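This report looks at a few local features of one protein model. Please view the sequence and structure before reading on.

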Amino acid sequence: MSFGRMGIRGGANVTVTAERVFELARAATVYWEADRVAVGRDTRTTGEMFDHVATAGVENAGTEVDRLGVVPTPALQRYVETRSIPGLQITASHNPPDHNGVKLVGRDGSVLEPTAVDAVASLAEEGALTAPPESTGQSRTVEGANDEYVESVVESVDREAIREAAPTVVVDPGNGAGSLTSPALFRRLGCQVKTLNANPDGAFPSRDPEPVEAELSELLSFVATSDADLGIAHDGDADRVVFVDESGAFVDGNAAFAALAAAELDDGETVVTTCNASLRLRDVAEAAGGTVEYTPIGNTYVLSRTRELREAGVSVPIAGEGNGGIVYPAHRLGRDGGHVAARFLELLADRSASDLLEPHRGYSFERENVPYDGESNREAIMERAEAWAASADGEHTTLDGYRVDFEESWALVRPSGTEPYVRVYAEAKTPQEATELAKSVRQRVEE
């Protein structure tokens, strides 16, 4: 079984099979020593099948199951956190419609630490180890998890400020699980809500689940030709959110993250993010008298480091990545697209989205892919990357690949964790500078 940092994900019935989901659910239940486990899913067409299979795996371990049905991942996280039980979310998040997977969620509502995922993986590889107990568990259908989640978000933000501003928002859940929560959430907050692709449909007929600019042309056009103040789009399980400003322009996720961080950070506080984060975040932290803590790329690394810092007494009011996956640890140590969108709306009470984002538009990002064929070829590319970093006229780090920071730009070379590419990332003050930097680094590692 092929495990990632949060569980398993891949082609449904190809790499993620019924047998694997069963063994994973059974192994996780054995690992948790749980009396009860919650199971939820996003809207994917294979979700119901894997929901049944995961439920059977938990029952096979002698444990009771709360079946939540179609819920966003943050709704499942809220459910388990308030009941101190673990959970399994059947989702492939932003992956294509024909993919599926399972996220492992602990009793605190956060995805499992990588070491815990490794322990579950070992159990699953051994077939969950022990013979099933004499008595199997039973399942029950639970209603209302989505309503509980919506209410919890409403109570966690300044709803009076949002209600007074009464913004018009266009919500595009992309036919995913957010269809069942986000329109209702923003209406509860006093917004005038218009929707696109808000009917649950696991075939994702309107667009791919990942809310990147190329997939959001309908939302961009709708906002541009209406009186809307903001466009809001989610991925398949609604733990991420991206925005469209009032002019119909796509909002760079790094700019949105910087704006949200600027509103949160105070002197001496820390924001946690990945090593491919925009310099916008550095500028925001310096202006506030705070610091940036970098991690390897991946949500679980951000969450793990945030947890460690908070346990050590460091104030971390916000963390996340520039892909729309932002975390407010005081709310929950997990990504929550609905909550983040509500926090963004708080900032629009006295200004437009474009005005809010204007101070954070001053950088351009570029990415190049270097294909490789075989492990030895990949290693040769990374050896050249190491030589480039050592010879470059800047400060280099090896947190995740090789990154070199120049005065107002940076470049990073690291192998992809999912595809046969070595990624070259670059950021600079202008598009031309970013493109030239990325191309020059690619040239060095391809030689």
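## Surroundings of Ser 179

Apart from neighbours within four places in sequence, Ser 179 is in contact with Pro 173, Asn 197, Ala 198, Asn 199 and Pro 200. The model is a predicted one. Ser 179 sits in the loop that runs between strand 7 (168-172) and helix 7 (182-188).

With a relative accessible area of 10%, Ser 179 counts as buried, because the cut-off for buried is under 20%. A polar atom of the Ser 179 side chain lies 2.8 Å from the backbone oxygen of Gly 176.

Phe 250 belongs to the loop between strand 10 (241-244) and helix 9 (253-264). Its relative accessible area is 23%, and Phe 250 is therefore partly exposed.

Leaving out residues up to four places away in sequence, Phe 250 touches Pro 211, Val 212, Glu 213, Leu 216, Leu 220, Val 242 and Phe 243. For one of these, Leu 216, the C-alpha atom is separated from that of Phe 250 by 8.5 Å, and the two residues are 34 residues apart along the chain.

## Packing of helix 1 and helix 4

Helix 1 (residues 18-32) packs against helix 4 (residues 114-125) at an angle of about 120°, and their axes are 8 Å apart. Helix 1 is therefore oblique to helix 4. Their crossing is right-handed.

On helix 1, the contact is made by Glu 23, Leu 24, Ala 27, Ala 28, Val 30 and Tyr 31; on helix 4, by Ala 116, Ala 119, Val 120, Leu 123 and Ala 124. Sorted by class, this contact has ten nonpolar residues, one charged residue and no polar residues.

Definitions and conventions
Residues are numbered from 1 along each chain as its sequence is written. This is a predicted model: local features need pLDDT of at least 70, side-chain atom pairs count only at pLDDT 80 or more; totals for chains, interfaces and linings use all residues. Side-chain values use heavy atoms; hydrogens and water are left out. Axes are lines fitted to C-alpha atoms, for helices over the stretch in contact, and angles run from 0 to 180 degrees between N-to-C directions. Helices (H or I, at least four residues) and strands (E, at least two) are DSSP runs, numbered from the N terminus. Angles under 35 degrees count as roughly parallel, over 145 as roughly antiparallel, 65 to 115 as roughly perpendicular and the rest as oblique. A crossing is left-handed if the near helix is turned anticlockwise from the far one by less than a right angle, and right-handed if clockwise. Contact means heavy atoms within 4.5 Å. Ala, Val, Leu, Ile, Met, Phe, Trp, Tyr, Cys and Pro count as nonpolar, Asp, Glu, Lys and Arg as charged, and the others, Gly among them, as polar. Buried means under 20% relative accessible area, exposed over 50%, partly exposed in between (1.4 Å probe, protein chains only). A polar contact is a pair of N or O atoms within 3.5 Å; within protein, one must be able to donate a hydrogen and the other to accept it, and residues adjacent in sequence count only if both atoms are side-chain atoms.
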